[in-house]
Amino acid sequence: MSKIQVDAIEQQTACGTTLTAGGGAGKTVVVDATTVTLGRCGGTVALASGASQTGFGRTGTVDWITTPKTATFTAVSGEGYFCNTSGGAFTVNLPAGVAGAIVSLADYAATWQTNVVTVTPNGTDKIGSTNANATLNTQGQSVTFVFVDSTQGWINTMDSTSNVRGSAFICASVSGACNTLTTAPCNANVKIATFLGPGTFTVNTASTTAAENTVGYLVLAGGGGGGGNDGGGGGGGGFREGRNVPIDNFTASPKVANAPTNAITVAAGAYPIQVGGGGPSGDSSTYGGNGTPSTFGGLTSTGGGGGAAESAARVGNPGGSGGGGGSGGGTTGAGGAGNTPSVSPQQGNSGGAGGGGGSPPTRGGGGGGGSNCAGSAGNGSGGAGGAGCGATTSITGSSVGRGGGGGGGGRGSGGGVGAFGGGAGTNGTGTASNGTANKGGGGGGAGEGTTPAAPRIGAGGSGIVVIRYKFQ
């Protein structure tokens with residue numbers, strides 16, 4: 001066995017500042033060592049023109065530029081960009097297409113669904129076989145374009161729409177017809193889920209911070225229907241509201257003004273929502289029907305009580321707010337009890353009692369109870385009872401009153417006036433109003449002689465469920 005040992009290899013073949021190692025075409029240079037260093041600090045290591053590499057270097061990936069782009073720019077092959085459109089939409093111009101060119105784009109602030117990114121090819125280049133712009137409009141999307149050839153141009157090889165984000169805040173979605181999820185008009189960090197009908201509030205990701213998993217809510221049931229023959233107005237639907245002041249201090253109703261921690265804590269999962277419908281109107285011998293409950297997160301608001309008719313004891317039905325009492329046949333009935341079943345803060349108030357009860361000109365039904373005050377009684381001069389007032393809240397971003405009772409049906413001075421979504425009562429020849437849809441108001445009662453009943457006595461209005469939460 002032979003061994004040759006030298007101290008150094010000196011440069012032998014040089015041309016100016018260039019040193020050539022190796023024997024040229026057909027020869028292989030092998031460098032066998034644990035660590036091999038190419039180049040020097042500040043230098044450049046490059047492949048010769050027409051040469052190829054294996055085993056290292058770019059293989060269908062990009063180098064990500066970590067300073068987000070906020071305005072129109074021209075991309076460079078081999079680079080990925082985080083595009084922040086929170087300040088407005090803009091355009092990404094692709095570089096000239098060369099086979100193997102690659103560009104990636106990612107939604108930096110999860111805002112592409114609101115402010116899109118437009119991707120524009122260079123000159124006559126194509127995107128997916130068409131010389132036209134592409135639009136990226138999916139929240140949390142990331143895409144990778146590779147230029148293949150002049151026929152197809154840039155082809156999207158990877159597309160993620162999973163929007164994987166940290167869990168510092170709640171990420172949620174809604175389902176069901178006519179239900180919506182919007183950003184609060186006065187707080188860009190808050191989402192409002194509004195349910196006008198049944199659906200599901202789904203917490204896709206809960207926050208790792210317990211306090212951020214609380215949500216504000218309004219759960220309003222359907223209002224009760226009004227009664228006939230000097231009948232009572234329907235009671236407003238049960239009204240339950242909560243908020244967490246440190247998280248989202250919207251202007252709530254008086255029912256929760258002194259209960260700032262009256263919020264619901266949620267976890268990842270699906271929360272079925274029920275929105276109560278209004279109760280049907282009664283007739284001369286049948287009470288108005290009670291509204292149906294609304295539910296969310298283990299919390300139930302009870303439907304408003306139906307207004308009494310001139311039959312039986314003439315006592316209004318109990319409910320979230322009670323129905324108004326009836327009058328006639330020499331007797332009057334009490335208003336129905338509110339806040340039934342009892343909850344705290346209370347979800348509603350009692351209806352007003354019927355008035356008079358003697359000869360027809362002196363009869364008047366009581367007003368339905370409202371979420372924020374009781375209905376008033378009918379009087380002995382044929383005047384109907386006034387509707388109980390509802391409560392006003394800005395949970396949807398604007399101040400709206402809901403849960404009012406319906407006005408009672410009367411004689412000499414007509415029907416009671418409704419408010420906060422409650423319908424107005426009427427005399428024996430007029431037509432009472434229905435409670436307003438999604439305001440949970442009671443239907444108006446009517447005076448004697450209300451035939452046919454259905455078109456002339458008020459039905460209750462449907463309820464609503466609103467959920468507010470911080471999403472960023």
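Reader: Why is Cys 373 called partly exposed?

Author: Cys 373 has 24% relative accessibility, and the labels go like this: buried is under 20% relative accessible area, exposed is over 50%, and partly exposed is in between (1.4 Å probe, protein chains only). So Cys 373 counts as partly exposed. By the way, this is a predicted model, where local features need pLDDT of at least 70, side-chain atom pairs count only at pLDDT 80 or more, and totals for chains, interfaces and linings use all residues. Residues are numbered from 1 along each chain as its sequence is written, and side-chain values use heavy atoms, with hydrogens and water left out.

Reader: What makes Cys 373 and Cys 389 a disulfide?

Author: Their sulfur atoms sit 2.0 Å apart, and a disulfide is a pair of cysteine sulfur atoms within 2.5 Å. So the pair qualifies as a disulfide. Searching the whole structure turns up 1 disulfide.

Reader: Is Cys 83 buried or exposed, and why?

Author: Cys 83 is buried, because its relative accessible area is 0%.

Reader: And what about Cys 178, buried or exposed?

Author: Cys 178 comes out at 61%, so it is exposed.

Reader: How do you know that β10 and β11 pair?

Author: Strands pair if DSSP finds at least two bridges between them, strands being DSSP runs (E, at least two residues), numbered from the N terminus. β10 and β11 (residues 153-160) have 7 bridges, in the antiparallel sense, so they pair by that rule.

Note on methods:
Helices (H or I, at least four residues) and strands (E, at least two) are DSSP runs, numbered from the N terminus.
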